[in-house]
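This report covers the strand pairing, helix packing and aromatic contacts of one protein model. The sequence and structure are shown first.

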Amino acid sequence: MSMLETHITYDEAVSRAKKYQDRYNSFVTIIDDYQNENSGILKGIPYALKDNLSTKGIITTASSNMLKDYIPSFDATVYEKLKASGAMLVGKTVLDELAMGGTGTTGHTGIVKNPWDEKRMIGGSSSGSASAVALGIVPFAIGSDTGDSIRKPASYAGVVGFKPTYGRVSRYGLFAFASSLDHVGCLTRNVLDSAIVIDTIKGHDKHDLTSLLDDDKSYRDLIKNDINGKKGFYLKEIIESIDSDEILDCFNKNLKSLKDLGVDISEVSIDKNLLRAIYPAYITISSAEATSNNSNLTGLLFGPREEQPSFDKIMMHQRTIGFSNLIKRRFVLGSYVLQKENQEKLFLNAQRIRRMVVNKINELFKQYDFYILPATSSIAPLFDDEIDRLSDKYLIAENHLVIGNFGGYPSITIPNGFVNKMPIGINITSRQKEDEVALSIAYHLEQTMNYKDQIAGDERV
Amino acid sequence: MIEVDKLKTYANKLMFDMSNEEYLVLQKEFDTILKHMDIIDNLEGIDFVEPMTFPFDIDIDLIDDDTIESLSVEEAFRNAKSTRNNRLQVPKVVS
């Protein structure tokens, strides 16, 4: 059943948001007096918006002390479209500061806890959005995804996370992290709701020249199309890098279900060294772009400003006290790879890796309609868990979702099981501009399992 | 191992500083980061590839110029307490 047929009321959503706030910290701001008289497809449906999307008159912080008091003077296009649809904004959700990070621990208002186990992280950077949906506070939330920031928290939270094709949803009003990789997408509790949300917020936007022309498709209708005869693949080297038998069991069950639906699945092998290079290339490109994008946070135009003897000193002081340690370390990395002496060897080579990966996947997409892989190699980590960052588990199994951002592919994670009482997810990625293919495979696969519409927390179902 | 002084230079170029403890954490992180960079650098055939800056080619239609009404200089100056060199002059806010 979709959220159009039954959903929590706005008042109930606000009440639930307040009830859970101290425990899980989903929101930077809860809005309990929101008004929206528009009559659109989402009329009266409560939702949450990641706090890096601009909302006129509503504080928008990107979970950073640098923007803790910032009230935008314009609306992000995605927010405008949701207002026009009649949807009701319950609140702005916590993210990893400036969307840089994947733990949900670096927001200026505190850490976000996983509703399935408070000792575990929910991932990020769309941490509060994933948490608000998993807790049943809202049927959908908007997130952004630069490396895996919608699809990995979706896996850890037992919800659906969909990142459409690059440019399908306007980025106007999204605080840029790495512009060539940034996507706007959604988190929901079933695939049909994701299709409904993206149908509502997609479309060309004159304010975002990289937004795609309208495709005039209804994903809500197209996802039910028969998938018999579709061809998919998985990457052998990624599967071999996963050491959890339970995750592999769930994956193999999904493959069997798809085969039963008439889908042909093949094992494909690609150069392991290329897969190992994906995360280093991602961190190089994204840190470099972030360094540039966030240079406007000077302490002069936005946020708190303390008097100092000169403009230089204001900037130095505000940026020193305003950014968290993690952000500053990422910026230093960005600065390092952009130094004249490092650009060719590091930054440009990272962009070359990006092309090699995308060329390889595009070549495979000539033969196949989609690929399917476990979204993560483990359940949500404990807050103090450590992983060897030079291992194949980290470089290959934990970070392959970045491929979706390198190529701008539509990519969706849906829940596909539980390991040690924690949810896990399966990811499906299809060709650029064929969002309905990823959605339809996910929709039909979802019907073969019992993890649709699940809720964590006190209302657990 | 990368020197802390170098890291401090990179940070200062971006107009912020960190504590000595933070620089040491970063120095340790750079050990791994530089090994990650080696993975990129050692990939066969990389020299012959064109860097990729965008997920795919798109057609960009430039926005039509819209004519909008704006204040004339005279009108803008009408309420200005002080002007200089065709600019509004505002009180100095930083000592």
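This is a predicted model: local features need pLDDT of at least 70, side-chain atom pairs count only at pLDDT 80 or more; totals for chains, interfaces and linings use all residues.

Of the 5 residues of β9(A), 4 are buried, so the strand is largely enclosed by the rest of the structure.

## The sheet

The sheet in chain A is open and consists of 11 strands, in the order β1-β3-β2-β6-β8-β7-β12-β13-β11-β9-β10, with mixed pairing. At its edges stand β1 (27-30) and β10 (264-268) of chain A; each has a single partner strand, so one side of each is left without a neighbour in the sheet. On average, and with direction ignored, neighbouring strands of this sheet are turned by 25 degrees against each other.

## Helices on the sheet

Helix α8 (residues 245-260) of chain A packs on the sheet, where it touches β9, β10, β11, β12 (411-419) and β13 (422-430) of chain A. The direction of α8 makes about 150 degrees with that of β11(A).

Helix α16 (residues 435-447) of chain A lies across β7 (160-163), β11, β12 and β13 of chain A. Relative to β13(A), helix α16 runs at about 145 degrees.

## Aromatic pairs

Over all chains, a search of the whole structure finds 21 aromatic pairs. One of them joins A:F233 and A:Y371: the ring centres are 5.4 Å apart and the planes lie at 45 degrees, so this pair is tilted. A:F233 belongs to strand β9 of chain A and A:Y371 to strand β11 of chain A, so that the pair links distant parts of the chain, 138 residues apart. A:F233 is buried, at a relative accessible area of 0%. A:Y371 also counts as buried, with 2% relative accessibility.

A second tilted pair is made by A:F418 and A:Y451, with ring centres 5.9 Å apart and planes at 55 degrees. A:F418 lies in strand β12 of chain A, while A:Y451 lies in the segment after α16 of chain A, so the pair ties together parts that are 33 residues apart in sequence. Here A:F418 is partly exposed, with a relative accessible area of 32%, and A:Y451 is partly exposed as well, at 25%.

## Ring cluster and charges over rings

Which residues do ring pairs link into a cluster? They are A:F233, A:F365, A:Y368, A:Y371 and A:Y409.

A:Y368 also has a charged group over its ring: the charged end of A:K231 sits there, 5.8 Å from the ring centre. Elsewhere, A:K202 lies over the face of A:Y219, at 4.6 Å from the ring centre.

Note on methods. Residues are numbered from 1 along each chain as its sequence is written. Chains are lettered from A and ligands numbered from 1 in the order in which they are written. Side-chain values use heavy atoms; hydrogens and water are left out. Two strands pair if DSSP finds at least two bridges between them. Helices (H or I, at least four residues) and strands (E, at least two) are DSSP runs, numbered from the N terminus. Axes are lines fitted to C-alpha atoms, for helices over the stretch in contact, and angles run from 0 to 180 degrees between N-to-C directions. Contact means heavy atoms within 4.5 Å. Buried means under 20% relative accessible area, exposed over 50%, partly exposed in between (1.4 Å probe, protein chains only). Rings of Phe, Tyr and Trp (its six-membered ring) pair if their centres lie within 6.5 Å; planes under 30 degrees apart count as stacked, over 60 as edge-to-face and the rest as tilted. A charge sits over a ring if NZ of Lys or CZ of Arg is within 6 Å of the ring centre and within 35 degrees of the ring normal.
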